[in-house]
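This briefing covers strand pairing, charged contacts and aromatic contacts in one protein model. The structure comes first, then the points by topic.

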Amino acid sequence: MIFHRPDSATCPTVDFMPFADSPFDITDTGSTEIEEPDPYLLPEGFALYQNFPNPFNASTKIKFEVPRSGKITLIIYNTIGQKITTLAEGYYHAGLYQIDWDGHDDRGRTAASGIYFYGLFAEESSYFKKMILLK
């Protein structure tokens, strides 16, 4: 599934990537056994991955994992802790997500070259990574 926010051209694109490689088989096998859920289908914990590419020029991809449904926020900060933009905010279902950042702030202005930090806030936890924007 791919989710696009149609409200403006400067909003990030959010891709949802299910963990299964293929669609689930829902054909009736005649078996009445109850199967245990596959533990590899859902993340075991919250995770924030290093953006790619890094350093980047025009845009970069940020991946994160959500082990259970809940509210998350993904924010970009400059080196003095000022918020540049909020890339994701709201209720997310369990899964692996990828968000593209095009190097613009909340007002649509192009961010300057430099070091930035991005933080994932979920439940009572927070995770941070560093990235470099080069022009």
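Rings of Phe, Tyr and Trp (its six-membered ring) count as a pair if their centres lie within 6.5 Å. On that basis, a search of the whole structure finds 8 aromatic pairs. The model is a predicted one. The structure also holds 4 salt bridges, and an open sheet of 4 strands is present.

**Aromatic contacts**

- Phe64 and Tyr92 form an edge-to-face pair, with 6.0 Å from centre to centre and 70° between the planes.
- This pair links distant parts of the chain, since Phe64 lies in strand β4 and Tyr92 in strand β6, 28 residues apart.
- Phe64 has a relative accessibility of 0% and counts as buried; Tyr92 is buried too, with a relative accessible area of 11%.
- Phe64 also pairs with Tyr97, and here the rings are stacked: 5.5 Å centre to centre, 20° between the planes.
- Phe64 is in strand β4 and Tyr97 in strand β7, so this pair ties together parts that are 33 residues apart in sequence.
- Both Phe64 and Tyr97 are buried.
- Phe56, Trp101 and Tyr116 form one aromatic cluster.

**Strand β4 and its partners**

- Strand β4 spans residues 60–66 and is mostly covered, with 5 of its 7 residues buried.
- Strand β3 (residues 47–48) is joined to β4 by 2 bridges, and the two strands run antiparallel.
- Leu48 stands opposite Phe64 of β4.
- Strand β7 (residues 95–101) pairs with β4 in the antiparallel sense over 7 bridges.
- Within β7, Gln98 is the bridge partner of Lys63.

**The open sheet**

- The order of the 4 strands is β6-β5-β8-β9, with antiparallel pairing.
- The edge strands, β6 (83–92) and β9 (125–133), each pair on one side only.
- From one strand to the next, the twist averages 15°.
- Strand β5 (residues 70–77) and strand β8 (residues 114–122) run antiparallel and are joined by 6 bridges.
- Ile72 stands opposite Ala122 in β8.

**Salt bridges**

- Lys61 forms a salt bridge with Asp100, and their closest N and O atoms are 3.2 Å apart.
- Lys61 is in strand β4 and Asp100 in strand β7, 39 residues apart, and the pair links distant parts of the chain.
- Lys61 has a relative accessibility of 37%, so this residue counts as partly exposed.
- The side chains of Glu123 and Arg68 meet in a salt bridge at 2.9 Å, N to O.
- Glu123 sits in the loop between β8 and β9, and Arg68 in the loop between β4 and β5; the two are 55 residues apart.
- Exposed means over 50% relative accessible area, so Glu123 at 52% relative accessibility counts as exposed, whereas Arg68 is partly exposed with a relative accessible area of 42%.
- Lys83 forms a salt bridge with Asp106, with the closest N and O atoms 3.3 Å apart.
- This pair joins strand β6, which holds Lys83, to the loop between β7 and β8, which holds Asp106, and the two residues are 23 residues apart.
- Lys83 is partly exposed, with a relative accessible area of 46%, and Asp106 is partly exposed with a relative accessible area of 46%.

Terms used
Residues are numbered from 1 along each chain as its sequence is written. This is a predicted model: local features need pLDDT of at least 70, side-chain atom pairs count only at pLDDT 80 or more; totals for chains, interfaces and linings use all residues. Side-chain values use heavy atoms; hydrogens and water are left out. Two strands pair if DSSP finds at least two bridges between them. Axes are lines fitted to C-alpha atoms, for helices over the stretch in contact, and angles run from 0 to 180 degrees between N-to-C directions. Buried means under 20% relative accessible area, exposed over 50%, partly exposed in between (1.4 Å probe, protein chains only). Rings of Phe, Tyr and Trp (its six-membered ring) pair if their centres lie within 6.5 Å; planes under 30 degrees apart count as stacked, over 60 as edge-to-face and the rest as tilted.
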